[in-house]
Amino acid sequence: MRFDAAVIGSGPAGATAARLLAQAGWSVALIERAVFPRRKVCGEFISAATLPVLEACGVATEFRAQAGPAVHTVAAYSGATMVQAPLPHGRVGWGRALGREHLDVLLRDAAVSSGAMLFQPAEVVAIARQAAQHTLTLRRVNTVDEIDARTVIAACGSWNTQGPFAAAMSARPSDLFAFKAHFRGAAMAAGVMPLLAFPGGYGGMVHTDGGRVSLSCCIRRDALRQAREIHSGKAGEAVMRHILASTEGVRRTLQGAMVEDAILACGPLRPGIRSRYRDGIFFAGNAAGEAHPIIAEGISMAIQSSWLLAQHLLADGPAAGPNYARAWKCQFAARVHAASLFAWLAMNNHRRAAAAQLIRAFPAILTWGAALSGKTLGVRHDAT
Ligand SMILES: Cc1cc2nc3c(=O)[nH]c(=O)nc-3n(C[C@H](O)[C@H](O)[C@H](O)COP(=O)(O)OP(=O)(O)OC[C@H]3O[C@@H](n4cnc5c(N)ncnc54)[C@H](O)[C@@H]3O)c2cc1C
């Protein structure tokens, strides 16, 4: 089988790219190794600035119908500090959160309804390039197939340990491990999104679909080890106890709340900017670059980066690589750097205490930080 484009991964980045290229008339293969619906470690918040791309993908109405309440207030919980401030208002309203077991299905189905051919579950295990053609080897349940494509988009996320984009990683104390849980019965006002900063890590809480509150967080490898020495249970349980023990705002919010389903874990994460184009392959979403989740912008960046990539591919075809790589940097590098700065402030005890003192005195810093992290930035095609 031969396609104009093969898209590896049907997370927000891959499904968006597949949808936009298929609706422009390209023949597209969308390849996803996981079975959907699946839960995922993620805070699930999507900035309002991404709504125009959801419109372009034909899923905005369904997104609004399913997602949690509009988020208009940002808060900071650290130790005994609890401060809140308005979120900056985007041109298209407020962001909302939707569980990944719903969002990823919506976006995948939108790609399929535009004509993309879905291979799921199927894992891309090898890619070979010959002149202007790529051959992808797909491992399925009982078979191994090959497909050919003129353009390959790697939208396979960030923490691949196997396959053609596997990253070799030696353990570092600063490696981040991520956890996520859904709670029912949490005492949190609708529309508020607290940012959490606790010893060795950071996180966030938000109302998501179905009356649930999601709590997601990242913690350094060394801090996780200490938390597990102090608190009992599996890693996820020890981390939740660590956050509850250190953060008054979380204690008040979750008093009497019940965890729904298992606490999910993943990692290690290494946020940063990666190749956007290499050896004839285009990278989108986390595979191209990943901001510390402290700014809750990864889904938005994934969807927006695929919109940007689709515009470049439709204009220039496979020659779009260098321009797309430049445009990506223009559009997203500032968010990645701002997120690194916030994570640096949050994860060290002295810096976190100083930042909390400053935010208590000037809550508007929270509004400014949210704007800096891209909450109101739409994607621009002229950003080359
Ligand atoms: C703790 C935490 C909280 C977060 N909170 C938020 C938040 O509130 N808001 C926000 O915007 N972002 C948040 N993020 C970031 C967000 O989850 C990611 O940025 C987003 O999922 C990236 O989307 P993606 O499509 O690039 O990759 P992914 O969502 O990771 O999708 C990649 C897909 O590719 C598939 N795949 C991988 N390799 C292969 C292969 N070889 N063959 C076939 N399929 C393959 C995978 O199965 C996966 O489904 C958070 C992240 C963490 C860790």
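A salt bridge here is a side-chain nitrogen of Lys or Arg within 4 Å of a carboxyl oxygen of Asp or Glu. The pair links distant parts of the chain, 95 residues apart: D175 is in the loop between β10 (144–154) and β11 (176–184), R270 in the loop between β15 (258–269) and β16 (272–273). Helices (H or I, at least four residues) and strands (E, at least two) are DSSP runs, numbered from the N terminus.

This is a predicted model: local features need pLDDT of at least 70, side-chain atom pairs count only at pLDDT 80 or more, and totals for chains, interfaces and linings use all residues. Residues are numbered from 1 along each chain as its sequence is written, and side-chain values use heavy atoms, leaving out hydrogens and water.

D175 and R270 are both buried. Buried means under 20% relative accessible area, exposed over 50%, and partly exposed in between (1.4 Å probe, protein chains only).

A second salt bridge joins R38 and D104 at 2.9 Å, N to O. R38 lies in the loop between β2 (28–31) and β3 (45–46) and D104 in helix α4 (residues 100–113), so this pair ties together parts 66 residues apart in sequence. R38 and D104 are buried too.

By contrast, R220, which pairs with D222, is partly exposed at 24% relative accessible area.

Finally, E101, R184, D209, R212 and E260 are linked in a network of salt bridges. The whole structure holds 22 salt bridges.
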